[in-house]
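Here is a short tour of a protein chain, from one residue out to the whole fold. Have a look at the structure and follow along.

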Amino acid sequence: MKSPARPVIIGAIVAVVASLMTAPAAAHPPTNPYDNTIFAPIQDGAGFPIGLESVADGFTAPLRGIPAPGERDRMYVVDQAGKFWAVDLSSGAKSVFLDLSSRLVVLGVVGPGSFDERGFLGAAFHPDYRNNGKLYTYTSEPNSGPPTFPTTLPAGTAADHQNVVAEWTANRPGDPAAGVNPASRRELMRIDWPQFNHDAGDIAFGPDRKLYIPTGEGGGADDTDIGHSGDGNAQKLTVPLGKILRIDVDARNSANGRYGVPADNPFVSTPGAVKEIWAYGFRNPFRMSFDTKTGILIVGDVGQNDIEEIDIIVKGGNYGWNRKEGTLCFDPRGADPGVATRDCSTVPPLPRGLINPVAQYDTHHEGHSVIGGFVYHGNAIPFLRDRYVFGEWSRLFAFPAGPDNFGRLLYIQQRSLGLASGPGLKKIEEFSNFASEAARLGLTNPAQPPAFFQQTLSVLGLGQDARGEVYVLGNRTGRPFGTGGVLLKLTPPR
């Protein structure tokens, strides 16, 4: 998700955030020439109305809802603070299926109750889960072992943490009450992370039965801080950061012997390249999904200064960061804060073949972190069929303690995101009554001072059940603390 662009004194951050709460626009950074123009506006309240139904609550910071193969009436919820919940979709009853809390780094970047992007960030069930019981997790853990790939940090500099992909085996697939065997844990990979942020982590199996692993570029600002080799990780094929990795969990031909590297990965034969790379040039591909109808991989890549973007991922594709931010060019500017620009002649030469997003909107004016979602294939809301539904974390960002309950629920107006659907950016619409539905469910805080935008909730993730219906997950604060997290189902408008 979003985080402060550079490590700064907390008091200074709080002062900047205070200005956001009292002025409609504030430079981000001060030298950004496009901050005071709306590059890709979303017209408030102009979209289709939606209903929301409360399914379950009592989570902390729920980031994703996924079904397990063969379990049509159940959803499993990834909770950032460490619990993997099983939720009965008819009754709302929930139970802890796997508790990873003890494995995580201590959350709260400036102490309890404060913002953090680390934690339990993703989970995926093996396509043959009903038979083999295997599932996979992505977690932010303390430094406790050699990294799978060479570290990007200078000698003698410790990583902030390590993001870890691990395999587990359920005791009785289909019976979440039986839980997961803790002794079954098998570590697949461990990656050194320079800063606390830009962790991505929303792992998923594709229709090819391979596991896709999104990684942010390591955190900090401009992809140029310590551990970013001066000119960035995202554009380098020699490091795993700022990428989408693709592995075969059923094979063992990787360098560490714990997973397979598919022979058709695009850079398997490129000297010096990380062979697991499927696509590259990402800042923080925080949430992603495969369209269950077409099989295309869709990613929401969180922007820095100007653009939040939706990308369709192709084999070997380069999505531009830190040479581009959305359709704008990006100039890291060395020791100065980086800026996005329309004038590409002022930035370093662009690599060939950079891929533009299929949709984008403004950072700061329209929101602070795109939350990738799903193509709707349910039956309850005919209007939404084949449309991509996604979220925006919050239009205001009150670092470090929040609340940031100004999220948005969005959709692409066009019914197809496929590469054959025509050139040009797709139009983003906002569901017209998300705020009133959140208020009806008691999710807003009447005591909170008014701001420029209507309260909703911090949109932290989306989910899709086995029937293709879509859910939104979030809490009031946007922080991995407390028990205010909710799972809400999208329904027809009331």
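## A residue to start from

In which loop is Ser90 found? Ser90 sits in the loop that runs between β4 (83–88) and β5 (94–99). Keep in mind as you look around that this is a predicted model.

## Around Ser90

Ser90 has a relative accessible area of 69%, and because exposed means over 50%, this serine counts as exposed. Its side chain takes part in a polar contact of 2.6 Å with the side chain of Asp88.

Asp73 and Ser90 are separated by 17 residues in sequence, while their C-alpha atoms are 7.0 Å apart in space.

## The fold as a whole

Zooming out, the chain's secondary structure consists of 3 helices and 27 strands. Its radius of gyration is 21 Å, close to the 23 Å that the globule rule gives for 494 residues, so the chain is as compact as a globular protein of that length. The C-alpha trace spans about 60 × 55 × 50 Å along its principal axes.

Of the contacts between residues at least 6 apart in sequence, 65% link residues at least 24 apart. Buried residues account for 60% of the 494 in the chain.

## Surface and charge

The chain has an accessible surface of about 17,300 Å², and carbon and sulfur atoms contribute 55% of that area.

As for charge, there are 45 positive and 50 negative side chains. The centres of these two sets lie 4 Å apart.

Conventions:
Residues are numbered from 1 along each chain as its sequence is written. This is a predicted model: local features need pLDDT of at least 70, side-chain atom pairs count only at pLDDT 80 or more; totals for chains, interfaces and linings use all residues. Side-chain values use heavy atoms; hydrogens and water are left out. Helices (H or I, at least four residues) and strands (E, at least two) are DSSP runs, numbered from the N terminus. The radius of gyration is taken over C-alpha atoms; the globule rule is 2.2 Å times the number of residues to the power 0.38. Buried means under 20% relative accessible area, exposed over 50%, partly exposed in between (1.4 Å probe, protein chains only). Contact means heavy atoms within 4.5 Å. Accessible areas come from the Shrake-Rupley method with a 1.4 Å probe; for residues, only the protein chains shown count as cover. Lys and Arg count as positive and Asp and Glu as negative; His and the chain ends are not counted. The place of a charge is taken as NZ of Lys, CZ of Arg, CG of Asp or CD of Glu. A polar contact is a pair of N or O atoms within 3.5 Å; within protein, one must be able to donate a hydrogen and the other to accept it, and residues adjacent in sequence count only if both atoms are side-chain atoms.
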